[in-house]
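I wrote down each thing as I looked it up.

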Amino acid sequence: MTPAIMGFIGFGASLFLIAFGFPVAVAMALVGVVGFWLLNGWAGAGFILGSSPFEAIFPYSLSVVPLFVMMGVFAARAGLSRSLFDMVNSFLGHIRGGLAVTAVGACALFGAICGSSLATVATMGRVAIPEMEKHGYDGSLSSASIAAGGTLGVLIPPSILLVIYGILTQTSIGQLFIGAIVPGIIGAVLYGVAIIVRVRMKPELAPPAAKAGWTKRLASLRRVWGVLLLFSLVIGGIYIGWFSPTEAAAVGAVGAFVLALISGELSWSTLWESVRETAGLSGMIFFILIGASLFNYFLETTGLPSALIAGIESSGMGPTMALILILLFYIVLGCFMDAMSMILLTVPFMAPVAISLGFDMVWFGILVVTVAEIGLITPPIGMNLFVVQATQPGLTQRMVVRGILPFIIADIIRLAILVAVPALTLWLPAMMF
Amino acid sequence: MKYVLQPLRALVTVSAATGVAAYAAAALVTVGDVIGRQIGMPIPGVIDLVQLFILGGAWLVIPYAFLTGAHVGVDLLVESFPRALQTLLRFIAGLAAIALLALMFKYCYDTFQQKQMFGDRSQQLGIPIFYFWIPLLYGVALSIVAAALAIIPKPLQETPE
């Protein structure tokens, strides 16, 4: 058996263990250690076991992970979601389906300071769904708008997934963040269009609401100054070159804490909850990075990436066809795996393939994260569908799934646009610093 | 039994809170450095300090993720199995995690001893590298305890003796 075939078997074994309930990190670590042992002997396996728990966490660039997690957790606790929703609502709430468009817009803005899709859905769902219910919106439209809008938090910077992709592929995290801005805006606009088209076809889904005056609009704008300031400071700071991503994450974490303090929402109990949430989330991410590091040692030894590159070259397939196949592979995998695990498990062997095909790694990263986003709203494992359902007792899974199709179509259209026009992603990073 | 388990759970939780405090320290040191640079007073060795706080913090919170079952997994297939089989599979996964962590501890301890022997130091402040390994070893050992706590069946956890 060739090492490359062992690599394929190892990938399959990881999926098998994950399917049978093993945590993703443990499955990747076990397959990595056993595979490395079979190929290099026990001394080699002992070496990677004794170095990965340090090497996988030690790089300075990784400091951004817990700091952005902290920023997101405090932002979610600071009560900013209500102010954001009210602000967008004052501008868009009067159009038919406007509250659902508002929810998407507020999710996009909240994602700009949160970085976590699940936190965005959970926080915004509690604010926006009761409001839409009060105005007679159909449950399938309101819940699906939040589930889809929440995915924007994965792409719109700061994004934990982009940080992890950047670390795995040695791509500039700053460039990835800046490159994600335009695709994120396109995503929000297409979701808005999907809502408006759906409501035009079925007006009973969303009754019209009253238009807000400019006094109300300006007042609601004043209430979100903190969010705008924090986003401008973090992302603007990276763009202008004031901060490295690690420094921006630190400024963001401290800034979100200060905003939470000013908002008066931070009691001792919410502080304790924030600490626990930060510990659970960052602990999960760091251990998954260790599992991925052990798995990658094994994959590198098998030469699987080189075998994949050779396979693509010998098939005579062009880069575009290869890219479409890669994206289809991610869309299918995303139906069954969560976004982070999928990226950690596959990027180590997909990245060399992408490089050999001549793809820009910032562009490829944005495409991979965009397809990972689709996985968040695709049944049966779309995590956002579960989270949005959990925010409201009356919602059923069927109701949420019924409303999600227009958003999946919007995502596919966005993906096609981003594949066809790489400049949309690469234009802003090219102008950095 | 619960008189043994409760202090262990508390230890894992307090360690996690300490880990988050270490993250906060990393954030404050970095922000202090950003501000300090503007007035010509940067914090010396900021990268070493941040790496120490983050690595230490990470290994203090990882046991908490094991205790609370925060590690991501896919339950789709498992949830279609009978309850007894689900419990068995989760128990096997837990045992596999414990075995993996135990091996990790053994080999990390060997590496720790080597680092101590060679006397490697960090680049900016000259902090002995084996200092970085102390929270790591503590975290791996505590993760074994946390993973074990997570697979003990609930009725057994509540038994007084």
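Predicted model: local features only at pLDDT ≥ 70, side-chain atom pairs only at ≥ 80, totals over all residues.

Entry 1, a pair within one helix. I looked up A:Glu131 and found a salt bridge with A:Lys134, with 3.7 Å between the closest N and O atoms. For a salt bridge I required a side-chain nitrogen of Lys or Arg within 4 Å of a carboxyl oxygen of Asp or Glu. A:Glu131 and A:Lys134 are three residues apart, about one turn, in helix 6 of chain A (residues 117–134). I took helices (H or I, at least four residues) from DSSP runs, numbered from the N terminus.

I then checked accessibility for both partners, where buried is under 20% relative accessible area, exposed is over 50% and partly exposed is in between (1.4 Å probe, protein chains only). A:Glu131 counts as buried because its relative accessibility is 14%. A:Lys134 has 63%, so this residue counts as exposed.

Residues are numbered from 1 along each chain as its sequence is written, and chains are lettered from A and ligands numbered from 1 in the order in which they are written.

I found a salt bridge between the side chains of A:Arg402 and A:Asp138, at 3.7 Å from N to O. The two are 264 residues apart: A:Arg402 is in helix 20 (residues 397–420) of chain A, and A:Asp138 is in the loop between helix 6 and helix 7 (139–155). A:Arg402 is exposed at 53% relative accessibility, and A:Asp138 is partly exposed at 23%.

Entry 4, chain B. I looked up B:Asp33, which forms a salt bridge with B:Arg37 at 3.1 Å between the closest N and O atoms. Both lie in helix 1 (residues 2–38) of chain B, four residues apart. B:Asp33 is buried, with 5% relative accessible area, and B:Arg37 is partly exposed, with 33%. Shared partners join A:Glu247, B:Asp33 and B:Arg37 into one network of salt bridges.

Which side chains meet in a salt bridge at 2.7 Å, N to O? I found A:Glu247 and B:Arg37.

I counted contact as heavy atoms within 4.5 Å, and chain A gives 52 residues to it and chain B 50. The area buried between the chains (accessible area, 1.4 Å probe, lost on being put together and summed over both) is about 4,500 Å², with carbon and sulfur atoms giving 82%.

On chain A, helices 1, 2, 3, 13 and 14 each supply at least two residues of the side that touches chain B. Helix 14 gives the most, with 14 residues.

How values were computed
Heavy atoms only, no water. Buried area = accessible area lost by both parts, 1.4 Å probe.
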